[in-house]
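Let's take a walk through this chain, from the overall picture down to one helix. Keep the viewer open as you read.

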Amino acid sequence: MTSIERFYRLTSSPILTEKGSDDMGRRNAYHFRVPPDAGKVEIRQAVEKVFDVKVQAVNTSTVRGKDRRRGWAKGKRPDWKKAMVVLHPEHSLDLF
């Protein structure tokens, strides 16, 4: 996979939640669902390259998948990673 394909994969899943919408207004931060092996530097490069903006900070968190049951069957949703990308005040994204 080339780097530009990886960049598009990193930025292809924005997360739209109430908390994320509030974060957009308060600190100009946008939330993305990224692969678990993505690093902060790679996420910063992807957002700057794809959207042509200047990134101020990147925060990440690993979200653990929930345990699920259906009758006797037991399973687990997969773990995933969330990236909160803070942009410089003069930049914004038109995602939604």
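How many of the residues of the chain count as buried? Of its 96 residues, 31% do, where buried means under 20% relative accessible area with a 1.4 Å probe, protein chains only. Bear in mind that this is a predicted model, with local features needing pLDDT of at least 70, side-chain atom pairs counting only at pLDDT 80 or more, and totals for chains, interfaces and linings using all residues. Residues are numbered from 1 along each chain as its sequence is written, and side-chain values use heavy atoms, leaving out hydrogens and water.

Now for the layout. You'll find 3 helices and 5 strands, taken as DSSP runs (H or I, at least four residues, for helices; E, at least two, for strands) and numbered from the N terminus. Starting at that end, the order is α-α-β-α-β-β-β-β. Along the principal axes, the C-alpha atoms fill a box of roughly 55 × 35 × 20 Å. Among contacts (heavy atoms within 4.5 Å) with a separation of 6 or more, 60% come from residues 24 or more positions apart.

Next, zoom in on helix α1, residues 3–10, where Arg6, Phe7 and Leu10 are buried. These buried residues line one face of α1, because they fall within an arc of 100° seen down its axis, the arc being that of the directions from the helix axis to the C-beta atoms.

Conventions:
Buried < 20%, exposed > 50% of the residue type's maximum accessible area, 1.4 Å probe, protein only.
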